[in-house]
Amino acid sequence: QVQLVESGGGLVQPGGSLRLSCATSGSIFSLYDMGWYRQAPGKQRELVASIKVRDRTYYADYADSVKGRFAISRDIAKNMVYLQMNSLKPEDTAVYYCNRDPPSAQYWGQGTQVTVSS
């Protein structure tokens, strides 16, 4: 069964860093543009970063709220997508998910919790 598994979340102090990982179940995801999403309690899920590859070149885009602080990358050979998060703020606290961009309902996983607090 095709699935995505997120990891790397945890508790970090403001200003700290985390790297999230998204492991795919197979090479089928190499065909897809991918993104990282997050959802905080009481808020809508939002796309924070996306990445695609065209002609052997990676392209990335970011939400204004994380631009300059987060970096998305992927290793197609390893079936992995990453999100490097720096200068974390309390408002970054959320459950983070990876999925296609645009997302597919069948691929939402459990996500990984990121908590930014002193």
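**Briefing: an all-strand chain and its charge pairs**

Among contacts between residues at least 6 apart in sequence, 53% join residues at least 24 apart in this protein chain. The model is predicted. The chain holds ten strands and zero helices. A search of the whole structure returns five salt bridges.

**Fold and dimensions**

- Read along the sequence, the pattern is β-β-β-β-β-β-β-β-β-β.
- The radius of gyration is 13 Å, close to the 13 Å from the globule rule for 118 residues, so the chain is as compact as a globular protein of that length.
- The C-alpha trace spans about 40 × 30 × 25 Å along its principal axes.

**Burial and surface**

- Of the 118 residues, 40% count as buried.
- The chain exposes about 6,600 Å². Carbon and sulfur atoms supply 45% of that area.

**Charge**

- The chain carries 13 positive and 10 negative side chains.
- The centres of these two sets lie 2 Å apart.
- Side chains of opposite charge can pair when their charged atoms come close.

**The salt bridges of D92**

- R38 forms a salt bridge with D92, with the closest N and O atoms 2.9 Å apart.
- R38 sits in strand 4 (residues 34-39), and D92 sits in the loop between strand 8 (80-85) and strand 9 (94-100), so this pair ties together parts that are 54 residues apart in sequence.
- Both R38 and D92 are buried.
- R69 also forms a salt bridge with D92; here the closest N and O atoms are 2.7 Å apart.
- R69 lies in the loop between strand 6 (57-62) and strand 7 (70-75), while D92 lies in the loop between strand 8 and strand 9. The two residues are 23 apart, and the pair links distant parts of the chain.
- R69 is buried, as is D92.
- Salt bridges with shared partners join R38, E46, R69 and D92 into one network.

**The K67–D64 pair**

- K67 forms a salt bridge with D64, with the closest N and O atoms 3.3 Å apart.
- K67 has 48% relative accessibility, so K67 counts as partly exposed. The cut-off for exposed is over 50%.
- D64 has a relative accessible area of 70%, so D64 is exposed.

Technical notes:
Residues are numbered from 1 along each chain as its sequence is written. This is a predicted model: local features need pLDDT of at least 70, side-chain atom pairs count only at pLDDT 80 or more; totals for chains, interfaces and linings use all residues. Side-chain values use heavy atoms; hydrogens and water are left out. Helices (H or I, at least four residues) and strands (E, at least two) are DSSP runs, numbered from the N terminus. The radius of gyration is taken over C-alpha atoms; the globule rule is 2.2 Å times the number of residues to the power 0.38. Buried means under 20% relative accessible area, exposed over 50%, partly exposed in between (1.4 Å probe, protein chains only). Contact means heavy atoms within 4.5 Å. Accessible areas come from the Shrake-Rupley method with a 1.4 Å probe; for residues, only the protein chains shown count as cover. Lys and Arg count as positive and Asp and Glu as negative; His and the chain ends are not counted. The place of a charge is taken as NZ of Lys, CZ of Arg, CG of Asp or CD of Glu. A salt bridge is a side-chain nitrogen of Lys or Arg within 4 Å of a carboxyl oxygen of Asp or Glu.
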